[in-house]
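Visitor: I am new to this structure, and I would like to be taken through the links between its side chains, one step at a time.

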Amino acid sequence: QVQLVESGGGLVQAGGSLRLSCATSGTIFSINAMGWYRQAPGKQRELVATIGSGGSTNYADSVKDRFTISRDNAKNTVYLQMNSLKPEDTAVYYCNADLLIQGSARFIGYWGRGTQVTVSS
């Protein structure tokens, strides 16, 4: 059973920082891209940041220069360091990863259940 489990969310004041983690588990042969998405109440889920297997990164304009995505390939874990948080960053943050798992011939996208981030003004 493949799982992605996010952690590190919480309540923080504007200007503060949080670090999200997403750990994968299960029989995983390879991981391609990993990323973070978020969904605020009443809004669609949106891309926050992605990181390729080689370390190339991509960020939403709204988080550039404030958020940093990284990954530990030995631990099959992806992180999101969030600095200078703003109230508009409040959302449920979801982890996504393209996984090649046992019994599959291609990479498939998996999602975590999300972690709440609330930024107070």
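**Links between side chains**

Guide: In this predicted model, a disulfide joins Cys22 to Cys95, with 2.1 Å from S to S. Both of these cysteines, Cys22 and Cys95, are buried.

Visitor: Which parts of the chain does the pair of Cys22 and Cys95 tie together, and how many residues apart in sequence are they?

Guide: Cys22 belongs to strand E3, which covers residues 18–25, while Cys95 belongs to strand E9, covering residues 91–101. Because the two cysteines sit in these two strands, their link ties together E3 and E9, parts whose separation in sequence is 73 residues.

Visitor: Is Arg38, which meets Asp89 in a salt bridge, buried or exposed?

Guide: The salt bridge between the side chains of Arg38 and Asp89 spans 3.0 Å from N to O. A residue counts as buried under 20% relative accessible area, and Arg38 has 5% relative accessibility, so Arg38 is buried.

Visitor: What is the relative accessible area of Glu46, which forms a salt bridge with Arg38?

Guide: The closest N and O atoms of Glu46 and Arg38 are 2.7 Å apart. Glu46 counts as partly exposed, and its relative accessible area is 37%.

Visitor: Which residue forms a salt bridge with Lys64, and is that partner buried or exposed?

Guide: The partner of Lys64 is Asp61, with 3.2 Å between the closest N and O atoms. Lys64 is partly exposed at 42% relative accessibility, whereas Asp61, at 65%, is exposed.

How values were computed
Residues are numbered from 1 along each chain as its sequence is written. This is a predicted model: local features need pLDDT of at least 70, side-chain atom pairs count only at pLDDT 80 or more; totals for chains, interfaces and linings use all residues. Side-chain values use heavy atoms; hydrogens and water are left out. A disulfide is a pair of cysteine sulfur atoms within 2.5 Å. Helices (H or I, at least four residues) and strands (E, at least two) are DSSP runs, numbered from the N terminus. Buried means under 20% relative accessible area, exposed over 50%, partly exposed in between (1.4 Å probe, protein chains only). A salt bridge is a side-chain nitrogen of Lys or Arg within 4 Å of a carboxyl oxygen of Asp or Glu.
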